[in-house]
Amino acid sequence: MRLRFLSAGESHGQRICVIVEGLPAGLAVNPDEINRELSRRQGGYGRGGRMEIEKDRALIVSGVRYGVTTGAPVSVEIENLDYKNWADVMAVEEPREKAKPVTRPRPGHVDLAGMLKTASMDARDVMERASARETASRVAAGSIAKLLLSEIGVRVMGMVVQIGSVKVSGGEAELHSFERAFSDPLLCCDPAVSKNMMEEIDSAREDGDTLGGVFEVAAFGVVPGLGSHTQWDRRLDGKLACALMSIPGIKGVEIGGGFSLSASKGSSVHDEIILREDECIGRRTNRAGGIEAGITNGETILVRAAMKPIPTLQKPLKTVDLATMKEASASVERSDICAVPSACVIGEAVVALTLADAALEKFGGDSLKEFKRNYEGYVEQISRFWKIER
Ligand code: EPS
């Protein structure tokens, strides 16, 4: 791994921090670009009251000088504005008895497994870190990865294709669909479907319930040859699946045609290789989602992830109170009804981080200049067979 990042911070603690290491020197990093992605993550119809409190903004603490990376680790901090309301509950100092412990674990959240794992009698010890608030750090890191990718003509975009039972009809994975989705409150490419999705969210809210859904992320302009077929842990499809599956709430990941391919015959699945008018190689279809044998093949990268409904329910499910060992109702916290659009923005970020890492592995370079020179040399090397479509 060439590009890596590590985050810290609790949902209601003082701040969320991330350190991104492995960026070449000379990459322009404007905090506005990070902030735009951070506010996209905060948006989306169906978020709870917390998003009215937070105004996520990136404070670049290190690794950037006069607007460009120096090659040193880039660290970014995002303040939790809600901390002032939680200072007692989240105090670093003793004594513990400032807040009532959470002992009625919510099914579907970290509470029970985390309490048993860490020998804690207060689920807050684990839920604060398991909270999806942490994903602000991935979006901050991912926005820098997007900046690096844009230097080699790669665009990573996402859209929501399903909320609850409301779905976008198939065959929409084109650039214009992603462009249309960008400004929709639910990141959906079809305004009529988006309206139905909002109604589904409104009715879940009225019922004290929550919703999940599915989002897609595409990466346009990726050259063939990123990733590797030589070891299981170098395969790019595996890395993308891991990055997406690690987003809180994600229960399924597909690449290209995904699960649906398993029901078809080989002759109607694999993407025929054709000679285009410009005498370069092309494909008739892209069911592989731009990856074959763990390597990019020059087609658009297409991944999809399924998110389960938010586990904090205003009409709680049954649980067992660990303090009394009696059946009880799960604890109720302020929460979101649906966070699929946010998950989609996070999906874009982790795909960008994974692709930026793969690009840095292939093209290397301590400076952006060196990285781009290596990239251009490679594009020239394969130009007899393959040309990028811009
Ligand atoms: C979350 C619960 C909610 C969400 C939170 C994730 O927070 P709170 O308990 O403060 O209302 O809003 O997400 C964020 C704060 C965020 O920035 O995405 C959870 O339990 O995972």
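**Entry 1: labels**

I count as strands the DSSP runs of E with at least two residues, and as helices the runs of H or I with at least four, numbered from the N terminus. I am working with a predicted model.

**Entry 2: the whole protein**

I began with the overall build. I found 10 helices and 17 strands in the protein. I then looked up the radius of gyration, which is 22 Å. The globule rule gives 21 Å for 390 residues, and the two values are close, so I note the protein as being as compact as a globular protein of that length. Along the principal axes, the C-alpha trace spans about 70 × 50 × 40 Å.

Next I asked what share of the 390 residues is buried. I got 48%. I looked up the accessible surface as well, and it comes to about 19000 Å². Carbon and sulfur atoms hold 53% of that surface.

I also checked how far apart in sequence the contacting residues are. Among contacts with a separation of 6 or more, 71% are between residues 24 or more positions apart.

Then I turned to charge. I have 50 positive and 55 negative side chains on my list. The centres of the two sets lie 2 Å apart.

**Entry 3: a sheet of five strands**

I traced an open sheet of 5 strands next. I read its order as β8-β7-β9-β15-β10, and the pairing is antiparallel. Which strands are at the edges? I found β8 and β10 (250-255) there, each pairing on one side only.

**Entry 4: strand β9**

I stayed with β9, which covers residues 213-220. Is this strand mostly covered or mostly open? It is mostly covered, as I count 8 of its 8 residues as buried.

I looked at where the side chains point. In a regular strand, side chains alternate between the two faces of the sheet. In β9, I see Gly213, Phe215, Val217 and Ala219 pointing one way. Val214, Glu216, Ala218 and Phe220 point the other way. Both sets are buried.

I then listed the partners of β9. Strand β7 (residues 155-163) pairs with β9 over 8 bridges, in the antiparallel sense. I noted two facing pairs here: Val156 stands opposite Ala219, and Gln162 stands opposite Val214.

Strand β15 (residues 301-307) is also joined to β9, by 7 bridges, and the two run antiparallel. Which residue of β15 is the bridge partner of Glu216? I found Arg304.

I moved on to β7. This strand is mostly covered too, with 7 of its 9 residues buried. I count 2 bridges from β7 to strand β8 (residues 166-167), and the two run antiparallel. Ile163 has Val166 as its bridge partner in β8, and Gln162 has Lys167.

I followed the chain from β7 into β8 and found a hairpin with 2 residues between the strands. Gly164 sits in the turn, with a positive phi of about 55°.

**Entry 5: Gly294**

I looked up Gly294, in the loop between β13 (291-292) and β14 (295-296). Is Gly294 buried or exposed? Its relative accessible area is 0%, which is under the 20% cut-off, so I count Gly294 as buried.

What is Gly294 in contact with, leaving aside its neighbours within four places in sequence? I listed Leu226, Gly227, Ser228, Arg234, Arg235, Leu236 and Asp237.

**Entry 6: backbone exceptions**

Most residues other than glycine have a negative phi, and most peptide bonds are trans. I searched for exceptions.

I found a cis peptide bond between Glu94 and Pro95, with omega at about -5°. I placed Pro95 in the loop between β6 (74-79) and α3 (111-118).

I found a positive phi, near 65°, at Glu279. I placed Glu279 in the loop between β11 (273-275) and β12 (281-283). Glu279 has 59% relative accessibility, so I count it as exposed.

Met325 is another entry on my list, with phi near 55°. I placed Met325 in the loop between β16 (318-321) and β17 (326-329). Exposed means over 50%, and Met325 has 62% relative accessibility, so I mark it as exposed.

Note on methods:
Residues are numbered from 1 along each chain as its sequence is written. This is a predicted model: local features need pLDDT of at least 70, side-chain atom pairs count only at pLDDT 80 or more; totals for chains, interfaces and linings use all residues. Side-chain values use heavy atoms; hydrogens and water are left out. The radius of gyration is taken over C-alpha atoms; the globule rule is 2.2 Å times the number of residues to the power 0.38. Buried means under 20% relative accessible area, exposed over 50%, partly exposed in between (1.4 Å probe, protein chains only). Contact means heavy atoms within 4.5 Å. Accessible areas come from the Shrake-Rupley method with a 1.4 Å probe; for residues, only the protein chains shown count as cover. Lys and Arg count as positive and Asp and Glu as negative; His and the chain ends are not counted. The place of a charge is taken as NZ of Lys, CZ of Arg, CG of Asp or CD of Glu. Two strands pair if DSSP finds at least two bridges between them.
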